[in-house]
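Have a look at the structure first, and then read on.

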Amino acid sequence: MSNSFQHIYWVIGLLFFQLFVIDVIDLGTYSSFFTPLIFSYVIFKRKLETTVTELLIFAFIVGFLVDVFRNTIGLNISVLLLVTFLRSRILNLISAREDFDDNIELNLFNIGILRYLFYYGVVLFFTMLYFT
Amino acid sequence: MRNLILLIQKYRNLLFFLFLEFIAISFLFSWKNTYHHSTYISSSNFITSTVWNWKNKIDSYFNLSEINKQLADENAFLKEMLLNKEILLGKNFVKSGDSLFVKAFKFQEATIIQSQFKFSENHILINKGSINGIETEMGFKGTKGIIGRVVNVSAHYANVLPVINADFKLSVIHNASNSWGDLSWEKGINDYRTATINNIPIYAKVNLNDLFTTTGSDGIFPSQIPVGKVLKIEKDQEAQKKVITIELIEDFSNIHVGFVVKNNLRSEMIEIQKNE
């Protein structure tokens, strides 16, 4: 139960950080083309043992919340669903499945900086590609 | 039958993914095609607009001096207009208070509680809604120039489609040559400071820094509201047209107050256009 609350806190925290901090940063001319979408972190840090179905439902809810605030209903949902579905394939790119325990969270400290940057970098790349 | 169940079981993740993706994409298209579907799932609904309102309350403390400056500029502009009008009218003309004089446009002040300017689908949320008489297809102007048009209204809030959204279109006029053109905002080409004007005839003399204003032909805005200044001119020899990039008068990264523009004669205008 406390785990579920933890996820809710993460979703609310990241959503607010995305909307009120990241989205407000002005990069001048490049602003229109580049805005990091960090809210997908909440999905990609989930444990390996999490089922795809559970992840997809979670992605749908998070995407929906972002879309409602950004007036882009459907856009963020569909991109999050796509990268969530490809999560295991992206993980295969950085390492063999046996390298990680099923019950650890996939964060910076557990899988190493380089691997994590590559993992999340690929996710962000897919997301940006979809938007353009 | 058993094989079918096994097949579904085998590809259940893919099927579930496709099912959710289908819902998402149908959301995307129904949102694009109708304004009414989006009333409850847009930022003008109660929950999201309340959150944006909180944020705006905090933000506005930090922007008070900027808002004051914008309002002072607006006051100066309005005073100038008013004084010039008195000189122009004289005693041989109908005074503005006369019952013969029909006031077509009404302006209602509104605070911008959320504005996006860096995406390709930018939107603006204002703190006036249907209880204040706001309706869709009303104009929204800032203290310097046009901002957008109202596309979605809830009881206390309204969503504005700004100039810096690819769905926004408006006819504009080049003041120096009186040539008409079509204002649009092109994804990937324009940023929040610029927009593009198409269909200006190639023979029209357009110089850098020339002003473009509204034509008033769509009935959303009155004529002569500033839109932007010429930044770049390109010639399309084949189409015999000029493609002009303008620098928008309004700074969309820094807007706090604006005015909803209501045209009392718009329905009459649309009616007569239909009959043409």
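Predicted model: local features only at pLDDT ≥ 70, side-chain atom pairs only at ≥ 80, totals over all residues.

**A helix pair in chain A**

Two packed helices are described by the angle between their axes and the distance between the axes. For helix H3 (residues 52–70) of chain A and helix H4 (residues 75–85) of chain A, the axes come within 7 Å and cross at roughly 155°. Angles over 145 degrees count as roughly antiparallel, and H3(A) and H4(A) are therefore roughly antiparallel to each other. The crossing in which H3(A) passes H4(A) is right-handed. On the H3(A) side, the contact residues include Leu55(A), Leu56(A), Ala59(A), Phe60(A) and Val62(A). H4(A) contributes, among them, Leu75(A), Ile77(A), Leu80(A), Leu81(A) and Phe85(A). By type, the residues of this contact of H3(A) with H4(A) are twelve nonpolar, three polar and two charged.

| Strand | Partner strand | Bridges |
|---|---|---|
| E7(B), residues 179–184 | E8(B), residues 194–201 | three |
| E9(B), residues 211–214 | E10(B), residues 226–236 | three |
| E10(B) | E11(B), residues 241–248 | eight |

Individual partners can be picked out in each pair. Leu183(B) stands opposite Ile197(B) in E8(B). Thr213(B) has Pro226(B) in E10(B) as its bridge partner, and Lys235(B) has Lys242(B) in E11(B). The hairpin of E10(B) and E11(B) has four residues between the strands, and Gln240(B) takes a positive phi near 55° there.

**Two domains of chain B in contact**

Chain B is divided into domain 1 (46–163 + 254–274) and domain 2 (169–248). Their contact takes 17 residues from domain 1 of chain B and 13 residues from domain 2 of chain B. Which elements supply at least two residues each to the side of domain 1 of chain B that touches domain 2 of chain B? They are strand E3 (139–141), strand E4 (146–153), strand E12 (257–263) and helix H5 (266–274) of chain B. The largest share of that side, three residues, comes from H5(B). The residues on that side of domain 1 of chain B divide into seven nonpolar, four polar and six charged.

Conventions:
Residues numbered from 1 in each chain as written. Chains lettered and ligands numbered in written order. Domains from an automatic or database assignment. Contact = placed C-beta atoms within 7 Å. Nonpolar A, V, L, I, M, F, W, Y, C, P; charged D, E, K, R; others polar. Pairing = 2+ DSSP bridges. Axes fitted to C-alpha atoms, helices over the stretch in contact; angles between N-to-C directions. Parallel < 35°, antiparallel > 145°, perpendicular 65-115°, else oblique. Left-handed = near helix turned anticlockwise from the far one by under 90°.
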